[in-house]
Amino acid sequence: QVQVAESGGGSVQPGGSLRLSCAASGSIFHVSGMNWYRQIPGQEREWIVSLRSDGGEDYADSVKGRFTISGDSNQKTWYLQMNSLKPEDTAVYFCNVNLIANWGSNESVWGRGTQVLVSS
């Protein structure tokens, strides 16, 4: 079994910062990449950033220049540094990890999400 868990959400004023964490655990042979998504109630889940297996990073235009992904696939822990937050960044943020499990299958595992509220 494989688990993914996010943490670090909370409330912040516009212009503030938060750092989200994502940790994967369980029967993991290899992590091939990870992604952050967010979802506003009533809307579709939105992709915002990826950390590729080659170490490259991709950002959605909506967060480029404000959010930064980091982490260590060997440690199975990643972070999303969010700066210059705006009210429109308010959402539930999800971590998604693509991996090969110990039993050999490719898996795409989601966490349960962490709430971010940006409001004055």
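Analyst: A salt bridge is taken here as a side-chain nitrogen of Lys or Arg within 4 Å of a carboxyl oxygen of Asp or Glu, and by this rule the count comes to six salt bridges. The structure is a predicted model, in which local features need pLDDT of at least 70 and side-chain atom pairs count only at pLDDT 80 or more, while totals for chains, interfaces and linings use all residues. Residues are numbered from 1 along each chain as its sequence is written, and side-chain values use heavy atoms, with hydrogens and water left out.

One of these pairs joins Arg-38 to Glu-46, with the closest N and O atoms 2.8 Å apart. To place such partners relative to the surface, buried means under 20% relative accessible area, exposed over 50%, and partly exposed in between, with a 1.4 Å probe and protein chains only. Arg-38 has a relative accessibility of 6% and therefore counts as buried, whereas Glu-46, at 30%, counts as partly exposed.

Another salt bridge is formed by the side chains of Arg-52 and Asp-58, at 2.6 Å from N to O. Arg-52 is partly exposed, because its relative accessibility is 36%, and Asp-58 is likewise partly exposed, with a relative accessible area of 30%. Lys-64 and Asp-61 also meet through their side chains, at 3.3 Å from N to O, and here Asp-61 is exposed, its relative accessible area being 67%. Salt bridges that share partners join Arg-38, Glu-46, Arg-66 and Asp-89 into one network.

As for the setting of these pairs, the secondary structure of the protein chain comes to zero helices and eleven strands, where helices (H or I, at least four residues) and strands (E, at least two) are DSSP runs numbered from the N terminus. The radius of gyration, taken over C-alpha atoms, is 14 Å, close to the 14 Å that the globule rule gives for 120 residues, so the chain is as compact as a globular protein of that length; the rule itself is 2.2 Å times the number of residues to the power 0.38. Of the 120 residues, 39% count as buried. With contact meaning heavy atoms within 4.5 Å, 55% of the contacts between residues at least 6 apart in sequence join residues at least 24 apart.

Val-31 is found in strand S4, residues 28-39, and counts as buried at 8% relative accessibility. Leaving aside neighbours within four places in sequence, Val-31 is in contact with Ser-73, Lys-76, Trp-78, Val-97, Asn-98 and Leu-99. Thr-114 lies in strand S11 and is also buried, at 9% relative accessibility. Not counting residues up to four places away in sequence, Thr-114 touches several residues, among them Glu-6, Leu-20 and Tyr-93. A polar atom of the Thr-114 side chain lies 3.1 Å from the backbone nitrogen of Gly-9.

The mean pLDDT of the protein chain is 95, and 100% of its residues reach 70 or more. Where pLDDT is low, the predicted coordinates should not be read in detail.

Notes:
pLDDT = per-residue confidence, 0-100. Polar contact = N/O pair within 3.5 Å; in protein donor to acceptor, adjacent residues only side chain to side chain.
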